Amino acid sequence: MSYNHILVNQVGFHCHSTKRFVITKTPETMEFTIVKTEHCKEIVKYTGMLKEEISQTGNGYVGDFSELTEEGDYFIKCGTFKSRFFVIYQGAYYHPIRVMLSYFTYQRCGNELGWAGKCHCEDSLTTETGERIDLSGGYHQSCDLRKSPGGVSIGLYAMMRAALNDSTDYGQVLFKAEIEHACDYLIRLFSEEGFMRNTLSFPFGWGAREFYDSPAPSSGQWCATRFLALASLIIPENKEIYMRTALRSWEYLTSDRRSDEKYEHPAETPLGMDQASFFALAYKGSTEDRAYQICCAADFYRATKDEAWLTYVKEAIHLDPYELTGNSLFSYSISTGIFFALSDAAELCGICKEQLREAAESLILHMDDDLWRRPVMRRDRKMFDIQMVNHARQQYTIADISQDFIPIDDRYLYKFYSDKGISTNVTFSSLTGAFLEIAGNLLGETKYRKYAQYIADYLLGVNPMDASHIESIGYNQIPRAAFGQFFPSTPQIPGGVTVGFGVDSTHAEYDMPCVGSVMWLLSEIAKQR
């Protein structure tokens with residue numbers, strides 16, 4: 001028997017989910033069987049026919065066995081090809097989520113449970129004032145010792161959404177412990193004025209991290225604010241302090257005290273640190289910033305049930321077609337344009353359902369053109385409103401934005417990573433999948449949920465590398481990267497999720513936004529099935 005020619009989700013499927021596999025080598029026969037192992041016997045449970053697909057990104061043979069819903073251990077046979085084992089099981093994604101949660105524990109900073117033990121205990125506010133404020137704790141984000149206020153906050157917020165979806169007893173215990181650690185750090189990170197202090201991860205290695213008495217990128221602060229608000233649902237005994245900090249942050253972010261200038265790092269950044277342009281679209285008054293406000297108000301409602309927050313959502317979500325099609329991936333944020341603001345408005349207020357449908361349709365429009373069913377960063381769509389573009393012209397030179405935008409008349413078009421606009425960015429892909437799963441449930445559209453499953457499949461093995469993005473989940477993983485920013489290098493961390501890879505990739509970096517967003521995607525699938 002030959003293995004690895006059949007590419008299938010290496011974890012498995014929920015009973016009533018879409019079930020698909022891909023063969024990239026010409027098979028001996030177009031007939032395939034799904035075989036269940038039961039009481040030491042192999043029993044054929046389903047027989048189907050492959051369908052040849054010729055796509056823009058490669059050709060292959062696709063099998064679908066969505067009709068099979070019986071729980072059990074399975075493998076696929078097609079001539080002499082045989083797949084690895086996978087499960088059909090309603091709890092299929094509980095274990096991957098639990099393992100990914102452990103990534104946060106391993107990446108703790110200043111805590112005995114971190115992979116390096118109790119490290120960086122002298123982190124403090126010293127750079128501008130020399131004042132000693134204990135800012136130890138938090139997390140290392142990736143395959144290094146950075147504590148990015150942007151990336152860590154993104155990962156934490158997405159992890160929080162997975163926690164709210166979790167219904168297992170052990171899950172609630174483990175999530176609660178992790179959320180408590182995160183909240184302890186975030187609360188100290190906020191100033192009395194309401195802004196979240198910044199850090200650029202100086203110095204390298206095991207020295208104390210320096211923090212700045214100036215605001216972190218606003219996209220990171222929005223995520224931290226939403227995290228603290230929702231934490232009051234997980235740890236109600238600390239609700240008062242969590243909500244007090246979150247509301248102080250909201251007041252700052254929506255006040256005149258917050259600058260409307262473009263974000264600039266307070267000092268020169270280390271090689272490999274987030275570029276200032278990552279946060280370019282999160283300036284005050286931008287489409288992305290408005291989306292964050294709407295999503296934050298929705299989370300405040302979830303935490304407090306105060307109807308005033310729903311009124312805010314209804315009044316704030318006035319969209320035009322240009323804003324609807326905007327996507328803010330390049331600003332390194334979790335908002336993914338206006339999409340989650342639309343799903344929040346539809347879920348909590350029962351409005352914007354047609355705009356929600358249009359957004360979902362725009363995301364799946366070209367997915368069938370790709371053999372792997374990866375989400376597509378929309379092409380040929382004008383971004384944002386005139387006000388935003390004029391603001392960009394005033395505040396950014398063409399050199400600043402040339403990597404992210406193409407000037408077209410009085411607006412800009414998105415410039416994509418690849419000519420086809422196919423995304424291999426795991427954070428964008430998994431957030432797209434979470435959005436499609438939510439939209440499918442809200443609109444009663446099973447096709448959107450089908451594409452969410454396709455994205456999960458890609459992340460868990462149905463890809464050109466026959467590899468799972470999640471360390472220790474699945475049969476193969478991409479070797480992790482080492483950047484030489486410290487010694488020793490990051491160990492093999494269970495639950496680490498790689499940034500992305502293509503056919504020619506030899507290694508990839510663990511990244512906390514990827515971990516959190518994949519948790520969110522799998523938890524939405526598990527919740528809705």
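Okay, let's start with Lys-45, which is partly exposed at a relative accessible area of 30%. On that scale, buried means under 20% relative accessible area, exposed means over 50%, and partly exposed is in between, with a 1.4 Å probe and protein chains only.

Quick caveats before I go on. This is a predicted model, so local features need pLDDT of at least 70 and side-chain atom pairs count only at pLDDT 80 or more, while totals for chains, interfaces and linings use all residues. Residues are numbered from 1 along each chain as its sequence is written, and side-chain values use heavy atoms, with hydrogens and water left out.

Back to Lys-45. Which residue forms a salt bridge with Lys-45? That's Glu-70, with the closest N and O atoms 3.4 Å apart. By salt bridge I mean a side-chain nitrogen of Lys or Arg within 4 Å of a carboxyl oxygen of Asp or Glu. Lys-45 sits in strand 5 (residues 41-49) and Glu-70 in the loop between strand 7 and strand 8 (72-78), so this pair ties together parts that are 25 residues apart in sequence. Glu-70 is partly exposed too, at 31%. Helices (H or I, at least four residues) and strands (E, at least two) are DSSP runs here, numbered from the N terminus.

There are 29 salt bridges in the structure, and here's another one: Arg-84 with Asp-466, closest N and O atoms 3.1 Å apart. Arg-84 is in the loop between strand 9 (81-82) and strand 10 (86-88), and Asp-466 is in the loop between helix 14 (446-459) and helix 15 (512-528), so the pair ties together parts 382 residues apart in sequence. Buried or exposed? Arg-84 counts as buried at 16% relative accessibility, and Asp-466 is buried at 9%.

Then there's Asp-368 with Arg-373, at 3.3 Å, N to O. Asp-368 is partly exposed at 41%, whereas Arg-373 is buried at 7%. There's also a network: salt bridges with shared partners join Arg-226, Asp-299, Arg-302, Asp-344 and Glu-347.

Now the strands. Strand 7 (residues 58-64) pairs with strand 3 (residues 20-23) in the antiparallel sense over 4 bridges, and Arg-20 stands opposite Asp-64 there. For a pair, DSSP has to find at least two bridges between the strands. Strand 7 also runs antiparallel to strand 6 (residues 51-55), joined by 5 bridges. Those two make a hairpin with 2 residues between them, and in it Ile-54 stands opposite Asn-59.

On to helix 6 (residues 287-304). Its 18 residues reach 26 Å from first C-alpha to last, close to the 26 Å expected at 1.5 Å a residue; that expected span is 1.5 Å times one less than the number of residues. How many of its residues are buried? 16 of the 18, so helix 6 is largely enclosed by the rest of the structure.

Last stop, the second largest pocket, with a volume of about 330 Å³. Of the 20 residues lining this pocket, Pro-215, Ala-216, Ser-259, Glu-261 and Tyr-263 are the closest to its centre. A pocket is an open set of points on a 1 Å grid over the protein atoms alone, where a 1.4 Å probe fits, with protein on both sides within 12 Å along at least five of seven lines; lining residues have an atom within 4 Å of a point. Strand 13 (210-215), helix 4 (218-234) and helix 5 (239-253) each supply at least two lining residues.

Definitions and conventions
Grid points are joined across faces, edges and corners, and a volume is the space filled by probe spheres set on the points.
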